[in-house]
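Q: Please take a close look at one part of this model: the charged side chains and what surrounds them. Go step by step, in plain words, and keep it connected.

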Amino acid sequence: MNPAIQDNLHHPYEITQEQIDFYQKNRFIKLKHVLDTETLAYFNQSITNQVALMDTDSVPLENRDTYGKAFLQLFNLWRESDDVKALIFSKRIAKIATDLMQTGGVRMYHDQALFKEGGGGITPWHADQYYWPLETDKCITAWIPLQETPLEMVPLEFSAGSHAIVEGRELAIGDESESIINQRLRVTDFEHVIEPFDAGEISFHSGWVFHRAGANSTAKMRKVMTIIYMDKDMILKNPDNKKQEHDWHTWCPGAEIGKIIDTPINPVLYP
């Protein structure tokens with residue numbers, strides 16, 4: 001990795017008060033020029049290579065359920081590849097997460113590669129924090145497309161401000177969440193935001209904001225890397241459901257209920 005890429009990963013991206021206010025109101029934001037062209041191309045290749053090594057799912061697309069058709073999903077690539085780790089541990093991106101949430105710093109929850117295949121199905125409406133045994137909503141996902149993502153390659157869609165809705169939070173991602181949350185959002189005034197992503201543009205969304213993506217009608221793989229951050233002082237709560245219990249033991253192994261999540265795989269990434 002050349003010094004220019006390393007510099008891009010660590011050089012501060014200055015967030016304005018207007019951008020912080022937008023995020024606090026809507027619980028998502030899209031930011032342009034977070035990664036430069038060279039950096040994006042480098043990680044497109046390195047993450048693609050790592051996904052190919054880790055992906056062992058041989059079930060044909062047509063034989064998968066709705067969730068399985070949504071994307072190829074691989075976790076904690078940072079533990080498998082030093083190249084990928086360089087992106088996941090980027091001070092530049094972690095500082096943005098810290099600034100948007102207005103916390104004293106952030107630590108790792110986990111990362112995910114989400115590769116939506118050509119012809120892949122929808123990603124149903126859902127809120128991520130249904131799965132997370134976290135005491136507060138001070139958690140945020142950086143959604144990093146590894147290429148320019150026009151509308152036909154189905155960028156992430158947001159219901160702006162929908163973190164205020166409680167109904168639907170109890171639903172795992174799937175056909176039911178797509179139907180029920182979609183019906184609920186239709187009768188609200190929350191703006192449904194569907195916009196393309198430029199190369200190097202990244203979005204950030206909170207754990208309780210509802211979001212989705214459509215079906216990939218192109219023949220191209222839509223490659224996305226995500227980093228999930230939490231407040232560096234996040235407390236592990238008593239899990240509300242089996243999914244949260246699973247996440248506790250998988251992504252926070254050894255953490256104790258009622259105490260700060262501080263395990264070897266939940267390092268502080270900023271400051």
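A: A residue is called buried when its relative accessible area is under 20%, exposed when the value is over 50%, and partly exposed in between. The model is predicted. With those cut-offs in hand, the charged side chains can be sorted.

Side chains of opposite charge can pair when their charged atoms come close. This structure holds 14 salt bridges. One of them joins Arg27 to Asp137, with the closest N and O atoms 3.1 Å apart. The two residues come from distant parts of the chain, 110 residues apart: Arg27 sits in the loop between helix H2 (17-26) and strand E1 (28-31), while Asp137 sits in the loop between E4 and strand E5 (139-145). Are the two partners buried or exposed? Arg27 has a relative accessibility of 14%, so Arg27 counts as buried. Asp137 has a relative accessible area of 33%, so Asp137 is partly exposed.

The side chains of Lys30 and Glu195 form a salt bridge, 3.2 Å from N to O. Lys30 belongs to strand E1 and Glu195 to the loop between E7 and strand E8 (202-206), so this pair ties together parts that are 165 residues apart in sequence. Lys30 is buried because its relative accessible area is 17%, whereas Glu195, at 37%, counts as partly exposed. Both residues also belong to a network of salt bridges that links Lys30, Lys32, Glu195, Asp198 and Glu201.

Lys242 and Glu245 form a salt bridge, and their closest N and O atoms are 3.9 Å apart. Where does this pair stand along the helix? The two residues are three places apart in H8, so about one helical turn separates them. Lys242 is exposed, with a relative accessible area of 66%, and Glu245 is partly exposed at 33%.

The surroundings of that third pair come next. At the start of H8, a side-chain oxygen of Asn241 comes to within 3.0 Å of the backbone nitrogen of Lys243. The buried residues of H8, which spans residues 242-251, are Gln244, Asp247, Trp248 and Trp251. These four lie on the same side of H8, because they cover an arc of only 110 degrees around its axis. Strand E2 (72-75) and strand E3 (106-116) are among the elements that cover them.

Which residue of E3 can be followed in detail? His110 has its place in strand E3. With a relative accessible area of 2%, His110 is buried. The side chain of His110 makes a polar contact of 3.5 Å with the side chain of Trp251. Leaving aside residues up to four places away in sequence, His110 touches Phe75, Asn76, Ile227, Ile228, Asp247 and Trp251.

How values were computed:
Residues numbered from 1 in each chain as written. Predicted model: local features only at pLDDT ≥ 70, side-chain atom pairs only at ≥ 80, totals over all residues. Heavy atoms only, no water. Buried < 20%, exposed > 50% of the residue type's maximum accessible area, 1.4 Å probe, protein only. Arc of directions from axis to C-beta. Contact = heavy atoms within 4.5 Å. Polar contact = N/O pair within 3.5 Å; in protein donor to acceptor, adjacent residues only side chain to side chain. Salt bridge = Lys/Arg side-chain N within 4 Å of Asp/Glu carboxyl O.
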